[in-house]
Amino acid sequence: MTVSAAGLPECVATYLTTPVAELAELSDSVFAPDAVVRDEGRSHQGAAGVHDWLADLAANFTLDCTIRRAVPGPGFVVAETTYAGDFPGSPVDRYLHFSIADGRISALTISD
């Protein structure tokens with residue numbers, strides 16, 4: 001089942017629906033300057049770290065995100081997603097926990 005990003009905070013909806021090739025250029029408007037992203041056992045911190053993480057993903061993979069479920073709460077969103085693309089193990093199911101502050105993602109943890 002695919003779920004719409006409607007009703008989610010704009011920063012989360014943008015992250016989940018924008019092609020990965022375009023996300024690095026939008027990172028300053030989507031992520032807080034001191035944001036932390038935790039993905040595959042690594043942390044990416046600050047505007048430069050998040051931008052570089054997104055640029056690296058775009059340079060190496062094509063990803064398509066399907067939102068299976070998204071639950072917003074005060075200052076957070078938890079999303080269940082499926083990513084498909086040209087990466088080993090595709091497709092994969094992932095849980096994304098977004099912390100939101102001042103209209104931007106302050107933390108994102110991606111887990112199995």
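Rings of Phe, Tyr and Trp, the last represented by its six-membered ring, are taken as a pair if their centres lie within 6.5 Å. By this criterion Tyr15, Phe31 and Phe98 form one aromatic cluster in the structure shown here, which is a predicted model.

**View 1. The protein chain as a whole, with its helices and strands.** Three helices and six strands make up the elements of the protein chain, and their order from the N terminus on is α-α-β-β-α-β-β-β-β. The C-alpha atoms fill a box of roughly 35 × 30 × 25 Å along the principal axes. For 112 residues a compact globule would have a radius of gyration near 13 Å, and the value of 13 Å found for the protein chain therefore agrees with that expectation.

View 2. Of the 112 residues in the protein chain, 39% are buried. Among the contacts with a separation of 6 or more, 43% are accounted for by residues 24 or more positions apart. The protein chain exposes about 6100 Å², of which carbon and sulfur atoms supply 51%.

**View 3. The aromatic pair of Tyr15 and Phe31.** The structure holds three aromatic pairs. One of them joins Tyr15 and Phe31 in an edge-to-face arrangement, with 6.0 Å from centre to centre and 85° between the planes. The pair links distant parts of the chain, given that Tyr15 belongs to helix 1 (residues 10–17) and Phe31 to strand 1 (residues 31–39), 16 residues apart. Both Tyr15 and Phe31 are buried, and together with Phe98 these two residues form one aromatic cluster.

**View 4. The aromatic pair of Phe61 and Phe87.** Phe61 and Phe87 also form an edge-to-face pair, for which the centres are 6.3 Å apart and the planes make an angle of 90°. Phe61 lies in the loop between helix 3 (46–60) and strand 3 (63–73), while Phe87 lies in the loop between strand 4 (76–85) and strand 5 (92–101), so the pair ties together parts that are 26 residues apart in sequence.

Technical notes:
Residues numbered from 1 in each chain as written. Predicted model: local features only at pLDDT ≥ 70, side-chain atom pairs only at ≥ 80, totals over all residues. Heavy atoms only, no water. Helix = DSSP H or I, 4+ residues; strand = E, 2+ residues; numbered from the N terminus. Rg over C-alpha atoms; globule rule 2.2 N^0.38 Å. Buried < 20%, exposed > 50% of the residue type's maximum accessible area, 1.4 Å probe, protein only. Contact = heavy atoms within 4.5 Å. Areas by Shrake-Rupley, 256 points an atom, 1.4 Å probe, with all protein chains shown as cover. Phe/Tyr/Trp six-rings, centres within 6.5 Å; stacked < 30°, edge-to-face > 60°.
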